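This briefing sets out selected features of the structure shown below, grouped by topic. Please read it with the coordinates open.

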Amino acid sequence: MSYKEMQEVLMRELRLYHYPVAVKFFYDQAELDAFHEAAPEIYAPVKPMTFCQWELGARMKGQIVYSGEAGLGCGNAKYSFGWKDIDDAEIKGHAKYTKDLDQAERFVRSKARLPEGLLGIAVAPLGAVDGLYEPDTVHFYCDNMQAYHLAVDYMAATDTHPLRPTITMNSSACGGNVSTFTSQEFNMLPACSGSYNAGKTERGEINVIIPGKKFGAVFDRLMDRIEAGSSSITRPGDGFPGADVCKNCPLIIFKKEQ
């Protein structure tokens, strides 16, 4: 199944509000040149923005967005992507979250980082990347029950239990994708303060990030459940999300008229 077809299934069966975002970290110039040549149209930030703002174009407008370091106006994301080293400004930027500057430095240093040499990053709707690239991560902005269904399918598909999400300060979108890429593990984390206001994450939304290499297995698990009769785990037999009814409730029951 193509990524376009996968996206159509996910949007329909999980009632997604946003397009899943296919993230690609480019390290190879030839691969980057091929992407620019094959993409029908590419959008770039007019002014430096945050990474979570890059994703707005992909998840809300359906655009293929690409930028290198020059289009990134967030020091925290630059640190996560290996485009800058730790410095006093980065430590002080975390001081409002921590007890003191020593703790702020330790917390920043404990974040996952990409290897040096990153040329640029593409973020696009999952359904737009056929023939362009294989995603390094697939990032969902979704609600609680959508996140739960994706997590359960990941656990079953990869034989992983329990899941242990990695939450870091001030880096949900940028650091979350880097953590998933470097660890090759599922991540589910709330919005950070930056992605809440800059990245326009709604208060009821949560981030789910799946390694690109494992995404196919997770999608296949969803398809197996659909073919067995249900996209809903909470109410098997129903479409997602399933009836919001307490288990074994004898009062809320419907039957066909005779």
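This is a predicted model: local features need pLDDT of at least 70, side-chain atom pairs count only at pLDDT 80 or more; totals for chains, interfaces and linings use all residues.

Contact here means heavy atoms within 4.5 Å.

- Lys84 is placed in the loop between helix H4 (75-80) and helix H5 (88-93).
- Because buried means under 20% relative accessible area, Lys84, with a value of 19%, counts as buried.
- When neighbours within four places in sequence are left aside, the residues in contact with Lys84 are Gly75, Lys78, Tyr79, Glu90 and Arg113.

**Nonpolar cores**
- The largest nonpolar core comprises 37 residues, and Leu10, Phe35, Tyr133 and Phe140 are those with the most contacts inside it.
- Among the elements that give two or more residues to this core are helix H1 (3-13), strand S1 (21-26), strand S4 (137-142) and strand S6 (206-211).
- Apart from this core lies another, of 22 residues, which includes Ala77, Trp83, Leu118 and Val123.
- Leaving aside neighbours within four places in sequence, Leu10 is in contact with several residues, including Phe140, Phe215, Phe219 and Leu222.

**Strand S4 and its partners**
- Six of the six residues of S4 are buried, with Thr137, His139 and Tyr141 on one side and Val138, Phe140 and Cys142 on the other, so that both faces are covered.
- S4 pairs with S1 in the antiparallel sense over three bridges, and Val23 stands opposite Thr137 in S4.
- S4 and S6 also run antiparallel, joined by six bridges, and His139 stands opposite Ile209 in S6.

Methods: Residues are numbered from 1 along each chain as its sequence is written. Side-chain values use heavy atoms; hydrogens and water are left out. Helices (H or I, at least four residues) and strands (E, at least two) are DSSP runs, numbered from the N terminus. Buried means under 20% relative accessible area, exposed over 50%, partly exposed in between (1.4 Å probe, protein chains only). A nonpolar core is a set of buried Ala, Val, Leu, Ile, Met, Phe, Trp, Tyr and Cys residues joined through side-chain atoms within 4.5 Å. Two strands pair if DSSP finds at least two bridges between them.
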